[in-house]
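Please have the structure open while I talk.

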Amino acid sequence: MVQVTQTEDEIKITIELNRLITRKPDIVLLPTYLKFNNPPIFFERHLVQEIDEVASFCRIFKNEARIVLIKKVKGIWPEIFKKLNKEELLQKRLEVSDQVVQRNKERDEKALERYEIKRRNEIDREVRRETAMRERVKQFHEQACREAMTVAPKETHIKPKNESNLNGSISARSGNRLGTPIAPPPPPRSLPALRNAAKICVSFSSFKYDTPKRESQEGLPRPFVVEDMNNVREVSTPGTATHS
C-alpha cells in the first residue's frame, strides 16, 4: 500500500512494509525520477516537475518507509507522476540508467579527488615534520660541536696579587660595624705514635688420639655369635675354636 500526499513545499510518500527490513533498500532519487526497491516491494515513478534530490530524504521505520521529496518550485502540483506507456517507460528507464551511471562516475571522481587532496596534505605535513626534526638535530649537533671546541679556563688555588688590598678595603669598610667575633681554628691534633715491630711466639701442644681399626683391618677372625632367646651359643669359623 502506497500513500502520497503533498504540500506547497514537499511531497510525502508512505510505503507500507509487510515484513521486517533485513537489508538496505535500493533508493534512487533524481530530479524527475524516484525508485524504491526492496524485494518483493518495487516502487518506481517519473515526476512531472523537478525536485531537490540533495535535500530530499528517506526514513525506514518498523512497518513503513517514508520518502520526503522537497520541491524546487513551491506550489501545489496538479499532477505528481507522469503517465507513460510501456515503450516510453522502457525509454525512460534507459535514460535513467545512463544518468545513474554518469552520477556515480562523477561521485567516484569527486571522492577520488578528495582522497588525493587528503593524501597530499598528509604527505606535506609529514615532510614538514621530518624537515623540522632534521633542523632541530642539525642545530643540536652544531651547538654540541661549539661547546666541545670552547676551552674553559682552569680553576687554580693561587690567590691573586690584589686580594690583600681587596681584603684590606673590605675590613676598613667594615671596621665601623660590630660583628660576631671569629674564633681561631683549633690546633691540629697530633697523630698517635706508631708501634715498634716485635715477634710473637706461638707454641702448640701435641695431642694424639688412636682410632680403633675396623674388624676387616685387624687381620684376626672373630667368632660369629648367634643369640637365641633360650640358649646362647657360638658358631665357630675356620681357624677358631668353639667352647660349649
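Glu109 sits in helix 1, which spans residues 86-149; helices here are DSSP runs of H or I with at least four residues, strands are runs of E with at least two, and both are numbered from the N terminus. With a relative accessibility of 46%, Glu109 counts as partly exposed, where buried means under 20% relative accessible area, exposed means over 50%, and partly exposed lies in between, using a 1.4 Å probe and protein chains only. Glu109 also belongs to a negative surface patch, together with Glu106, Asp108 and Glu113. A patch takes residues with over 30% relative accessible area and no salt bridge, joining like charges within 9 Å and nonpolar side chains (Val, Leu, Ile, Met, Phe, Trp, Tyr) within 5 Å. Lys and Arg count as positive and Asp and Glu as negative, while His and the chain ends are not counted, and each charge is placed at NZ of Lys, CZ of Arg, CG of Asp or CD of Glu.

Before going further, a word on the source: this is a predicted model, in which local features need pLDDT of at least 70 and side-chain atom pairs count only at pLDDT 80 or more, whereas totals for chains, interfaces and linings use all residues. Residues are numbered from 1 along each chain as its sequence is written, and side-chain values use heavy atoms, with hydrogens and water left out.

How many salt bridges are there? The count comes to nine, a salt bridge being a side-chain nitrogen of Lys or Arg within 4 Å of a carboxyl oxygen of Asp or Glu. One of them pairs Asp26 with Lys35, with 3.5 Å between the closest N and O atoms; Asp26 is partly exposed at 35%, whereas Lys35, at 18%, counts as buried. Another links Glu64 to Arg66, where the closest N and O atoms are 2.6 Å apart, and here Glu64 is partly exposed at 23%, as Arg66 is at 29%. Arg129 and Glu130 form a further bridge, at 3.4 Å between the closest N and O atoms, and shared partners join Glu126, Arg129 and Glu130 into one network.

Turning to nonpolar surface, Ile200, Val202 and Phe204 make a patch of about 430 Å², with accessible areas taken from the Shrake-Rupley method with a 1.4 Å probe, and with only the protein chains shown counting as cover for residues. Phe204 lies in the loop between helix 2 (163-173) and helix 3 (215-218), and because its relative accessible area is 76%, Phe204 counts as exposed.

Now the chain as a whole, which has three helices and nine strands, arranged along the sequence as β-β-β-β-β-β-β-α-α-α-β-β. Of its 244 residues, 13% count as buried, and the chain exposes about 22,600 Å², of which carbon and sulfur atoms supply 54%. Among contacts with a separation of 6 or more, 50% come from residues 24 or more positions apart, a contact meaning heavy atoms within 4.5 Å.

Let me finish with one backbone detail. Which form does the peptide bond from Pro39 to Pro40 take, cis or trans? The bond is cis, with omega near 5 degrees, and Pro40 is found in the loop between strand 4 (33-38) and strand 5 (41-46).
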